[in-house]
Every structure is written in C-alpha cells, then in structure tokens.
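Trainee: Could you walk me through reading a model like this one? I would like the general idea first and then the case at hand.

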Amino acid sequence: MGGVLRSKGCSVCVKRKVKCDETRPKCLRCQKRNVECPGYERQRKFHHVSPGETEKENPVKNDPPAEQQVSSSSLLLRATPARRGVGFTSIDESVNPSLVARIMDSQLREAFCAFVPTAFPGQYNAYVPRLNMTWVSFVRSQKVPNPTLDWSLRGIAMLYMGKIQHDPRLVHLSRDMYRRALRHLARVIGNPSMVASDDALASTMFLATYEMMADRKQKSWILHSRGLSHLIRLRRAQAYVDGTARLLLVSFRPFFIFQAFLLGERCFLEDPMWKSSIDDALALEEQRGKASRLGALVEHAFYEIARCPGFLVSTKTLIASSQKTFDRRREDLTKDIADCRDALCGMRSQLKFGLNAASDESHNHKLLEFVGPIPASAACLLGKRSLEGVCTAIAMLQQLIAVIGSEETRREALLSNPIPAVGPDVWHSAAMALKARALYSQHLLWYESSDERTENLMDRIAMTLGMLTLRTQAE
C-alpha cells in the first residue's frame, strides 16, 4: 500500500509545506489566502507488490546504479533451468521469487554435500568415523546467513553440477558466485574480529578448491592456499585439535605440502607445535573410543613428511653456500634428514605389516584392531595411498643425503686439486634424480588430466599426504 500522507492538514497546506491549523470545515490559512480549502479527506492508492519485488527505502549511497544491481535471489533464479522453452518463467517465480531462491539455495547445499564424497572419496570415508564434525553436518548446520560462506558453497556446488551435466551455462554462473564470495571475503579479512573465524577459513578453503576444479592449467589456487596458511597461523596449534577447526586442517593440509614442493619453500606445518597438536587430537580420539592404529600411523607420518619440503630447501641452500657455511651446517642437516628418513622407514614397516595382517580374512580381529572405526575398504585405500606417500618421501630423503655426500666429495677434490672438475653440476644431477625437471616444466601431471579424472587426482594428492607432487610421468 502506498500514497498515505502522514500530515492531518488539508492537501493545499501539505502541498505548500506549511503547517495547517486544521480548522473545520475549512482551515483559516486557505480562507486568509482566498483559496478554496479542499478539506481533510484522503485519496488512497493501492498497489500489488509481491515479497520478491520489495525495494529498499534507503539505498546505500555507495551502491551501484539500479540497473547494475543483481540481487542474490535473481542470481540463484538464473540458475533454474528453463523447462518449457527459452524465457519461460514458472508461476512460483512470478508469485514468490524469494521462496524459489531459498529452495535453489537449499538444493545447492545438498549438491555440495554430494560433491565432497565424490571428489574426495578416500579421504572422506577415512576421516568421517573419527571426527565429530563432517562437511555434510557443517554445511547443514549453517542456519544464520553468512554471505562469504554461502556464496563460496554455491560456487563449488554450481561448478560441480555444471561439470557433471556438461552445462557451460552453470559453469559461467558458478564464476559469478565465486566473484561474489571473493568480495565478501575481502570484507571479512579486513575485520579483525572475523578474520580467524571458522567461516573465514572454510570460505578460503572452498575458494581454493574451486580454483583447483575450475582451472587446472593455472595455479590460482595457490593464492588462496597461501592466504589460508596465514589465516590458520593466527590461532594457536592447539585450536585445531577438535571440532570444525580440526576438520578444516585435516581436509586441506596435504595441499600445503603440495604447494610447498611446487613453490620450493618450507611448509609451516613442520613446526614442532603442530606435532603436539596431532598427539592431543589422537589422545582425544582414544578417549571417545574412535582410536585407530592406522589413523595414528598416518598422522605421525604426515608430520614427518611435512618436514620434507624444508629439507629440500635447506639442501639446495647448503649446496650453494660457501665452504665455511657448508662445513658448519652439513653434519647437522644430514643428521636431521637421516632421523626423518629412519622414522618414516619405521612407519613404512608398520603400515606394511598392518596391511598384510588386515588382508588375511581369517583374522578379522586383527583387521578391527588395526583399522579401528574406519571401514575396511576405506582403511585399505588409506593404507595403500599413505604407504605410497611415505615411500616417495623416503626415496627423496635418501637422495638428499646422497647429494650432500657427493657435494662434500666434490669440494674435497676441488681443495686438493684447484682445477675445476668437468661434469654436470651436482645439484642439477640431484634434480634430475628427483624428476624435478618434469615437475617444473610440465607443472603437475594432474593439471594435464581430463575433467573426468580431476576429482580422483585431487583425492590422490590428499591420500598420499601431498607427495604425489614428485611422481613422474613414467610412473
């Protein structure tokens, strides 16, 4: 309803914007001006306005022009497929578009819940029985509107639907949703009270996952991954022992190792405080009756693997250092690398023994004792993929020790014989042994994969604890 005047004066006084004395039947102001007073009755106009067409009474001055504004409801409605021809609008959209938008939002959330176990089947099934929070329960528990989290969820869900349906229109809409999530995330990061919240971390992780799915030949996801690593370090490591924070860290931590190898830098998870948080998380699982020997082995193996990018950086720095620095640091670095290698070798033996014992169908009690609450099929996949990552890490560490030994021999030969040795550079030889040339010249092999295999390869990166980075084309 519109057109209702607030003043009780006559329409002439109201139009002149002067105070009416409201004298009955005619006001004195009109009589003094020799003007016919129209009286005090009002003419009202009634307009039909649906809930979705309600406009803001006081628009923000900084908002873009009306023709450039697109509401959340309209963007979601654009995702609704036309079923009766181009431009068809259902009666639900005409009568109550906001209700249709809410339904679409609910459907996109359910699509995201279907996306997680599809894109990360191994990791999802291996950790669901041990965590008290899963991505499905996290998404469905979001009752209060959160623009940053909502748009990032919608973007991934829409991209997922566009890929499985081979619909470029849905993929294009997902990019619009992604941009909206970015704008809201920028505001959240600028707010000190919200920057380290679970919602901010989850939104950043979703945006990184979106980039991994949407653009395989670029490394845009690394920008989000590096930002996420900074946000995670705003809290203490003990904050990630339980709850949503634990879910966030466990889900994305293999990609931090993946990123560290790709960029040739250390992984922040090599800090001993993160090992302490792993021990606390395992102790909490045991208290709740969700302990798993296999899970504990994978957790400890992850911490040792998180140190590997740092060893690679330290070795490269040592090779390029002066003779004095080389002599001072060589022994300590070699010892640290050997200790990490020996720890991983012990875990490799335990993983092999546990998997062999669990594979014997006549000893079901051994299987239950080793895997705990993890389903047998998921435990088998977790053990095999983790073993693959551990073996790759051991081979890399052994190669680093050989490189340092070769460099020591080369420097001793140069000191005894000042004539430069003829042959390839030792670090170049080590890089060839590690297949680093294939890694950096061809980016990562999964970037060259087809759309149908992208999701499975993302899960393999997670299940191998980030060590899929060093796999070669021949393998």
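Trainee: What does the secondary structure of the chain come to?

Mentor: Helices (H or I, at least four residues) and strands (E, at least two) are DSSP runs, numbered from the N terminus. Here the chain has 21 helices and zero strands. Keep in mind that this is a predicted model, where local features need pLDDT of at least 70, side-chain atom pairs count only at pLDDT 80 or more, and totals for chains, interfaces and linings use all residues. Residues are numbered from 1 along each chain as its sequence is written, and side-chain values use heavy atoms, with hydrogens and water left out.

Trainee: How much of the chain counts as buried?

Mentor: Buried means under 20% relative accessible area, exposed means over 50%, and partly exposed is in between (1.4 Å probe, protein chains only). Of the 475 residues, 45% are in the buried class. Accessible areas come from the Shrake-Rupley method with a 1.4 Å probe, and for residues only the protein chains shown count as cover. The accessible surface of the chain is about 25,500 Å², and carbon and sulfur atoms hold 53% of that.

Trainee: What share of the contacts joins residues 24 or more positions apart?

Mentor: Contact means heavy atoms within 4.5 Å. Among contacts in the chain with a separation of 6 or more, 77% are between residues 24 or more positions apart.

Trainee: Let us turn to charges. How many salt bridges are there?

Mentor: The general idea is that side chains of opposite charge can pair when their charged atoms come close. The rule asks for a side-chain nitrogen of Lys or Arg within 4 Å of a carboxyl oxygen of Asp or Glu. By this rule the count is 23 salt bridges.

Trainee: Are R253 and E299 buried or exposed?

Mentor: R253 counts as buried because its relative accessibility is 3%, and E299 is buried too, at 0%. Their side chains form a salt bridge, 2.7 Å from N to O. This pair links distant parts of the chain, with R253 in helix α12 (residues 243–263) and E299 in helix α14 (residues 293–306), 46 residues apart. Both belong to a network of salt bridges that also includes R130, R246 and E285.

Trainee: Which residues are separated by about one helical turn in helix α18?

Mentor: Look at R411 and E407: they are separated by about one helical turn because they are four residues apart in helix α18 (residues 376–416). Their side chains meet in a salt bridge of 2.7 Å, N to O. R411 is buried at 9% relative accessibility, and E407 is buried at 0%.

Trainee: And where do E36 and K26 lie?

Mentor: First, their side chains meet in a salt bridge at 2.9 Å, N to O. The pair links distant parts of the chain, 10 residues apart: E36 is in the loop between α2 (28–32) and α3 (72–78), and K26 is in the loop between α1 and α2. E36 counts as exposed, since its relative accessibility is 57%, while K26, at 33%, counts as partly exposed.

Trainee: Which residues gather in a patch of positive charge?

Mentor: Patches are made of residues with over 30% relative accessible area and no salt bridge, with like charges joined within 9 Å and nonpolar side chains (Val, Leu, Ile, Met, Phe, Trp, Tyr) within 5 Å. Lys and Arg count as positive and Asp and Glu as negative, while His and the chain ends are not counted. The place of a charge is taken as NZ of Lys, CZ of Arg, CG of Asp or CD of Glu. On the surface here, R16, R29, K32 and R33 form such a positive patch. R16 lies in helix α1 (residues 11–16) and is partly exposed, at 39% relative accessibility.

Trainee: Which residues does L269 contact?

Mentor: Leaving aside neighbours within four places in sequence, L269 is in contact with L249, R253, F256, W274, F302, Y303 and A306. L269 lies in the loop between α12 and α13 (272–287) and is buried at 3% relative accessibility. A306, in helix α14, is buried with a relative accessible area of 0%.
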